[in-house]
Amino acid sequence: MTDLQFVTLDVFTTKRLQGNPLAVVSVPAALKDKLSQATKQKIAQEFNLSETVFLHDTADSDSQQQRDVDIFTIEREIPFAGHPTIGTAVLVKYHLHPHVDTLVTKAGPIGLVPEADNQIRAKIPHNVHLHSKTLGDVVGDNAQYPGLCPEPQIRDAELKAPVFSVVNGMTFVLVKLPSLDLLGQVGTSYRLDFDNLPQPLLDEGWRDSFVCRYYYVDLGEEDGARSIRSRMVELGFEDPATGSAATALGSYLTLHEEKRGRKFKVTQGVEMGRKSDISVETTVLEGGSGGVELVDLWLGGTAVVVLRGQLTVDI
């Protein structure tokens, strides 16, 4: 038996029992190669949160400026996710190892910049891609297709929504809705099985990916940022804050609407009573024919510690 220390945090909030819960399990350097994928998956299922992070210590913790992290949902390991990045960054920078300035995910290294009031700005690795097909291209105009929203206006928006990857392995159907009333009608009672659609939704070379729908309403300008309300309802549950989806949305809007660097203020989780405040910022390089190229992608927020404990596993 082995004991592992863990911390839970509420992310994208300054108030406990708001935001998105996250578990971070510290893995001693001596156990990095002994803690199997299957065991990590079972631990994530035990916590039963949207994501669980495994934070790997180093043999020389006082000098190493980066830490490897593994991110698991209850179903699979994923290369990147936003609220695990911010939550782990707050834990590392403000509670464990202030000298650490980089988290290394399967998507690549993420630079950390501390800001006032325990805020973190994380420089997100990106490999953005707009897929050629929509859900409508794949399932046709079948209003009864299992997993589509039963409300006609929302379903129509789902079928027409762009499908966008922020990195290879994290993909979102970006469903724009015209009102907060419609956003409130999105429910958790239906699940779309993206792995068994009539034909592949994602382009060749991008199909080994987490995919979900991200619903949003554009609220206009607020304090120099484009203000957005959002919901992520998939996998039979609602996610209070989805930083990876927020970065995907910010990247898509930057490249295909704004055509300039932009700040985005994304508020999520309101409908489920766990309000989360997510900031996204982009910089671009102007290209030919009026197009732009995404240069920097920043995700910002904070988190608060809720629980500290010890997990005993058989390895």
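Which residues of α2 are buried? They are Gly 82, His 83, Pro 84, Thr 85, Ile 86, Gly 87, Thr 88, Ala 89, Val 90, Leu 91, Val 92 and Lys 93, where buried means under 20% relative accessible area, exposed over 50% and partly exposed in between (1.4 Å probe, protein chains only). The structure is a predicted model, in which local features need pLDDT of at least 70 and side-chain atom pairs count only at pLDDT 80 or more, while totals for chains, interfaces and linings use all residues. Residues are numbered from 1 along each chain as its sequence is written, and side-chain values use heavy atoms, with hydrogens and water left out.

Helix α2 spans residues 82–96; helices (H or I, at least four residues) and strands (E, at least two) are DSSP runs, numbered from the N terminus. From first C-alpha to last, its 15 residues reach 20 Å, close to the 21 Å expected at 1.5 Å a residue, the expected span being 1.5 Å times one less than the number of residues. Twelve of the 15 residues are buried, which leaves α2 mostly covered.

Leaving aside neighbours within four places in sequence, Leu 9 is in contact (heavy atoms within 4.5 Å) with residues including Gly 87, Leu 91, Val 304 and Val 306.

Four aromatic pairs are present; rings of Phe, Tyr and Trp (its six-membered ring) pair if their centres lie within 6.5 Å, with planes under 30 degrees apart counted as stacked, over 60 as edge-to-face and the rest as tilted. Phe 54 and Phe 72 form an edge-to-face pair, at 5.6 Å centre to centre and 85° between the planes. Phe 54 lies in strand β3 and Phe 72 in strand β4, 18 residues apart, and both are buried. Phe 164 and Tyr 252 are likewise edge-to-face, at 5.7 Å and 70°. This pair links strand β10 with helix α6 across 88 residues, and Phe 164 and Tyr 252 are both buried.

The charged side chains form 24 salt bridges, each a side-chain nitrogen of Lys or Arg within 4 Å of a carboxyl oxygen of Asp or Glu. Arg 262 and Glu 221 meet at 2.5 Å, N to O. Arg 262, in the loop between α6 and β15, is 41 residues from Glu 221 in strand β12. Arg 262 counts as buried because its relative accessibility is 9%, whereas Glu 221, at 51%, counts as exposed. Lys 265 and Glu 222 form another bridge, at 2.6 Å. Because Lys 265 lies in strand β15 and Glu 222 in strand β12, the pair ties together parts that are 43 residues apart in sequence. Lys 265 is partly exposed at 32%, and Glu 222 is partly exposed at 30%.
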